[in-house]
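Please look over these notes on the aromatic contacts with the model open beside them.

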Amino acid sequence: MDMKHSASGMAESTADSYIATSKSTDMITPKEKDKDKEKENKANKADNALPQGSYKVYARRWVVLILFVLYSASNAMQWIQYTIINNVITRYYGISEEWVNWTSMIYMIIYIPFIFPGSWFLDKAGLRITALVGIVGTCIGAWIKVFSVEPSLFYVSFIGQSIVAMAQVCILSLPARLAAVWFGPDQCSSATSVGVFGNQLGVAIGFVLPPMLVPNSEDPETVGKDLKMMFYMVAGLTSVLLVLMVLFFQDKPPTPPSAAQETALQLGSDPVEQTNFIQSLKNLMTNRNFVFLLISYGINVGVFYAISTLLNPVVLRYYPNHEVDAGRIGLSIVLAGMLGSVASGIVLDKTHKFKETTLAVYALSMVGMWIFTFTLDAGHIAVVYLTASLLGFFMTGYLPVGFEFGAELTFPEPEGTSSGLLNASAQTFGICFTLFYSELFYTYGDIPANVAMSIMLILGTIITAITKSDLRRQMVQAQGQGQGQVCHLPPESSLNGLSEI
């Protein structure tokens with residue numbers, strides 16, 4: 001069997017290892033082996049032997065993104081689950097309104113101490129393991145709530161809520177990281193927007209479903225049955241998502257989708273250039289522009305958290321017995337924010353004007369807050385729907401813009417770390433603003449409380465205006481495309497010296 005002149009150009013081979021007299025059906029001839037190897041090599045080349053300077057994105061990225069959106073929504077829908085039916089919960093469990101507000105604030109409080117180990121875990125374990133830990137926690141917490149439907153078992157419900165809140169540590173930092181790992185530079189901002197869209201979708205569901213599933217009733221038995229049905233539905237959904245995540249959620253594509261991501265991977269694998277987690281945090285916290293963004297981002301999202309937490313009593317003050325409308329107004333805020341997120345992502349992908357887009361969206365959020373403040377008492381609830389939607393379009397539409405601007409300002413630090421710090425800032429401001437807003441609302445009324453939040457947004461707009469546009473990731477991407485190769489950074493330029501390359 002002479003293969004010296006094989007047209008495939010393969011190396012010389014002999015048939016010594018092939019036993020012709022063997023009766024085994026498992027034996028494979030050298031020719032068959034060569035064909036199998038050739039097929040395998042072609043498959044590997046298709047994924048891993050791309051020409052230098054060119055990058056490939058994979059269709060499976062959409063499956064990963066859609067699963068993340070649903071997973072994020074299943075957690076976020078439980079955040080506002082109690083506070084949007086505040087009056088029903090207080091009467092059924094016999095607790096104060098402050099305790100109901102804590103079911104929302106526990107999300108913020110637990111996130112803050114766990115963000116640093118959470119960001120470290122994401123950096124070390126990767127997207128898949130981090131996401132699986134999060135969905136398992138969300139599922140366990142949801143099932144615990146099923147067994148809390150007794151007037152004396154509020155503490156059980158609170159334990160379940162706390163576990164779900166802890167699981168969000170494995171969610172909020174993922175959109176920017178997922179987008180960078182799976183999507184090319186012309187889709188990265190849009191993918192981040194869609195990732196944040198999942199959280200907003202969950203909040204929207206959390207606003208609208210509880211008032212519909214658990215309507216106001218004087219009969220504790222009826223309320224108990226309605227609560228149990230709601231808890232079973234959420235637990236069932238999270239269980240299905242857990243199975244889907246285990247089966248289909250992947251960690252990363254075979255090859256990086258962009259020059260910036262290839263650079264980040266090489267920095268992460270090179271022991272000389274690798275930056276440990278503590279050093280990464282130090283780099284971020286000494287980046288003046290990122291610190292400005294931390295403050296302004298925290299103010300914007302903190303105001304949103306405060307308004308969302310107390311939306312039920314604020315609406316009922318002017319429109320009694322309109323619990324369902326309170327939920328739908330919250331839904332309007334978030335749905336409009338989803339549109340704002342997608343629109344902002346498209347604008348960023350098309351223009352790469354990160355600073356300008358961030359400032360415009362922030363300023364319009366501030367304007368929307370002033371309009372919302374002085375139209376609550378208009379006497380027509382349709383007006384509140386309209387002004388709340390305007391506020392939501394810009395305020396929640398700002399979320400992915402902040403993530404992407406942060407990733408640009410801090411490249412090549414891990415996107416999960418910068419996103420985690422932004423979320424930690426949001427939770428911190430959210431706790432402070434919720435407590436402050438609650439005190440002003442119950443003591444002086446809604447107008448002083450909303451005016452205070454509007455003033456905070458003015459401050460945030462000013463801070464955004466003085467933040468410089470240092471687009472480091474865009475710089476590396478442009479260099480990688482221009483040179484047809486990866487841009488290698490020296491260790492000392494991993495952050496502060498990058499703008500000088």
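1. F304 is buried at 8% relative accessibility, where buried means under 20% relative accessible area, exposed over 50% and partly exposed in between (1.4 Å probe, protein chains only). The model is predicted, so local features need pLDDT of at least 70 and side-chain atom pairs count only at pLDDT 80 or more, while totals for chains, interfaces and linings use all residues. Residues are numbered from 1 along each chain as its sequence is written, and side-chain values use heavy atoms, with hydrogens and water left out.

2. There are 18 aromatic pairs in the structure; rings of Phe, Tyr and Trp (its six-membered ring) pair if their centres lie within 6.5 Å, with planes under 30 degrees apart counted as stacked, over 60 as edge-to-face and the rest as tilted. W79 and F304 make a tilted pair, 6.4 Å centre to centre and 45° between the planes. W79 is in the loop between α2 (60-76) and α3 (86-93) and F304 in helix α11 (residues 288-309), 225 residues apart. Helices (H or I, at least four residues) are DSSP runs, numbered from the N terminus.

3. W99 and F154 pair edge-to-face, at 6.3 Å between centres and 75° between planes. The pair ties together parts 55 residues apart in sequence, because W99 lies in helix α4 (residues 97-146) and F154 in helix α5 (residues 154-167). F154 is buried at 9%, whereas W99 is partly exposed at 46%.

4. One aromatic cluster is formed by Y92, Y93, W99, F154 and F158.

5. R317 sits over the face of F441, 4.5 Å from the ring centre; the criterion is NZ of Lys or CZ of Arg within 6 Å of the ring centre and within 35 degrees of the ring normal.

Terms used
Helix = DSSP H or I, 4+ residues; strand = E, 2+ residues; numbered from the N terminus.
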